[in-house]
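Me: I would like to go through this structure with you, one topic at a time. Could you keep the answers plain?

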Amino acid sequence: MSKTVPNDQKLDVAPPYNAVARHGVSPQPSHDEIARFDFLANFNKFMASTLSPGNKLAYDKRVLPAFLKEHGREPQDRFEIRHAMNKDPFHKFWSALKRNSMEMRQQNGRAIVLRQIDELNAKARQYNEGAQGVKSTLELNPEIAVPRYQSAVDIHCMPGSYHGEELPGDVSAGANYDCGIFATTGGGLGALTDGGGQALVDWIKKERPGWEPRRVLDIGTTVGHNIVPLALAFPDCEFIAIDTAAPILRYAHARAQSLGATNIKFIQANAEDLSRWDDGTFDWVQTTMFLHETSGKALPKIIAEGYRVLADNGLMLHLEQPEYSDAMPLFEQFLRDWDAFNNNEPFWSSMHALDMKDEMVKAGFDRDELFETGVRAVVDREIFPEAPTGEDEDHGRAAFWHAYGAWKNADQMQEAAE
Amino acid sequence: MTEQVFDWMAAANKKAKGKRPEYFDDPEDERMLSILMAVVGEVSVLRERMDTVERLLDAKGTISRDDIESYTPDKEAAYERGAMIREYIYRVMRGPHQMVEELQHAEPPVEEVSKELKEI
Ligand SMILES: C[S@@+](CC[C@H](N)C(=O)[O-])C[C@H]1O[C@@H](n2cnc3c(N)ncnc32)[C@H](O)[C@@H]1O
């Protein structure tokens, strides 16, 4: 191909998919499968940085003026903005392109995984089974039902969701989830998609130097992306990672074992009912990008159960995108809501409208035990760029999270946030 | 013959549960855009493959399919390929990109300009 790259200028391009690290159960992509993800990663960058500003222009220049004319007032909430924007030709086209990019990511990921599903299942079995059958660090409980909030639609347009199987007992859901995140985040989460977990390790080591938690609970672990770094950082600590979906747990366990995180026990369990654990069992209860995939009634139950099993002086920490506070402009709330309605995240909008502090107080915390902080993905900056925030960010997918936390009954020991 | 052959190509296309939003007035436009975007992606894949072949030929003079499959760009090549994809994306996305510019600067129809020029 002709040389089109000026040497003196650094363009914002996604790192190559080759830079994604392989572990014991990674699907092996062919040359062209890599190229598909390279295209999508760069396309999503283009969508977020170059086309997305058109949404605000369309709003300011024609959608808002038309709304004011028709209603004689400003839009009251993000829903009114969405209904008005959904009629705008620019926003419609942008949304259609973005929806296609999400669908292509799923198709591309599934094609890589499903063509080699027998090999992947065999590799997973090698890590999951020992001489005595399934290792004790993987506990699947088929009686755990898939909650309605997980089965109503396939979350983020992932066909089959977390719990679906293409072949009985397979790991396809986990492998597809794992291999395609690079495409939607432009590599912003790092080589092992664990930039959030790496950030947690850095954060806790600064926040509580020398602290050695005895037992940590990760709720809704999926493939364990963000708990493996913590397990490696605290090798003497016992980690319990739960999820309702068996296929991703099979993959998660094999992945963790292959990465040397043998101190995590993966258990199929529903976080709404943690009765198998006594009060005060854990020193740390963690959720990462999880609560927005539950429901109005499940979320308070899960936080209350988390509170109960948390020991005094223990840490509860939730990593999510920022909530829709009154300080956040309605237009930004509307953009952040895109995934709710266009990418099958049906609880996303309601969840981000909750006041997480109130939810944690309802679960039993004292208000002055609570803190908030920002957590930015920690990745190898040599290869992986810092994910943009602000105007250029792909709202809802930025590798920068809001952490809602509390140290149980230890308010005097905890300075608020950064 | 077993009828239980797992058709992974068909399975890869599985639809996500949940009604798909409609973005255009004509549902056929939804399908057309999905085909077009898939082709846009595939052309990018072909270009990247071509780039791999050219780089390998430059370096070695003769290559095998295995060389292509196992090719890993170094840092500089990775950046150049990223820029190549970016350039390609800008070219095919000219239409929507120009919509952003139109939104920045509203312009009168050329017919109006034509009338104006007649008078000056
Ligand atoms: C977005 S993912 C979480 C991502 C993950 N924590 C990470 O850091 O990569 C949500 C996960 O929560 C699981 N889940 C949903 N409801 C649950 C529940 N009530 N109890 C346990 N897991 C649940 C889903 O199966 C899914 O794997």
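Predicted model: local features only at pLDDT ≥ 70, side-chain atom pairs only at ≥ 80, totals over all residues.

Me: Let us begin with the contact. How many residues does it take from chain A and from chain B?

Reply: Chain A contributes 53 residues to the contact, and chain B contributes 50 residues. On the side of chain A that touches chain B, the elements giving two or more residues are helix H1 (31-51), helix H2 (53-71), helix H4 (89-115) and helix H13 (338-342) of chain A.

Me: Which of them gives the largest share?

Reply: H4(A) does, with 15 residues on the side of chain A that touches chain B. By class, the residues of that side are 29 nonpolar, 14 polar and ten charged.

Me: Is Lys92(A) buried, partly exposed or exposed?

Reply: Lys92(A) has 19 other C-beta atoms within 10 Å, so it counts as partly exposed; a buried residue would need 20 or more.

Me: And Met50(B), is that residue buried or exposed?

Reply: Met50(B) is exposed, because it has 12 other C-beta atoms within 10 Å. This residue is found in helix H2 (residues 27-60) of chain B. The C-alpha atoms of Met50(B) and Ile68(B) are separated by 9.7 Å, the two residues being 18 residues apart along the chain.

Me: Changing topic: how far does helix H7 of chain A reach from its first C-alpha to its last?

Reply: Helix H7 (residues 172-185) of chain A has 14 residues and reaches 21 Å, close to the 20 Å expected at 1.5 Å a residue.

Me: Where is the kink in H7(A) centred?

Reply: The kink is centred on Cys179(A) and amounts to about 30°. Just after H7(A), Gly186(A) has a positive phi of about 55°.

Me: Why is H7(A) described as largely enclosed by the rest of the structure?

Reply: It is described that way because 13 of the 14 residues of H7(A) are buried.

Me: What about the span of H8 in chain A?

Reply: Helix H8 (residues 195-207) of chain A has 13 residues, which should span 18 Å at 1.5 Å a residue, and its end C-alpha atoms are 18 Å apart, so the two values agree. Among the buried residues of H8(A) are Gly195(A), Gln198(A) and Leu200(A).

Me: Now the ligand. How many residues surround it, and which are the closest?

Reply: The ligand is surrounded by 24 residues, the closest being Gly220(A), Thr222(A), Asn226(A), Ala271(A) and Thr288(A). The shell comprises ten nonpolar, eleven polar and three charged residues.

Me: Last topic: which residues have the most contacts inside the largest nonpolar core?

Reply: Ile248(A) and Tyr251(A) have the most contacts inside that core, which has 88 residues. Helix H10 (residues 246-258) of chain A gives the most to this core, with seven residues. Leaving aside residues up to four places away in sequence, Ile248(A) touches several residues, including Tyr162(A), Tyr177(A), Thr222(A) and Asp243(A).

Me: What does the second core include?

Reply: The second core is separate and has 21 residues, including Ala14(A), Tyr17(A), Phe39(A) and Ala183(A).

Methods. Residues numbered from 1 in each chain as written. Chains lettered and ligands numbered in written order. Contact = placed C-beta atoms within 7 Å. Helix = DSSP H or I, 4+ residues; strand = E, 2+ residues; numbered from the N terminus. Nonpolar A, V, L, I, M, F, W, Y, C, P; charged D, E, K, R; others polar. Expected span 1.5 Å × (residues − 1). Bend = angle between axes of the 7 residues up to and from the residue. Near = placed C-beta within 6 Å. Core = buried A, V, L, I, M, F, W, Y, C linked by C-beta atoms within 7 Å.
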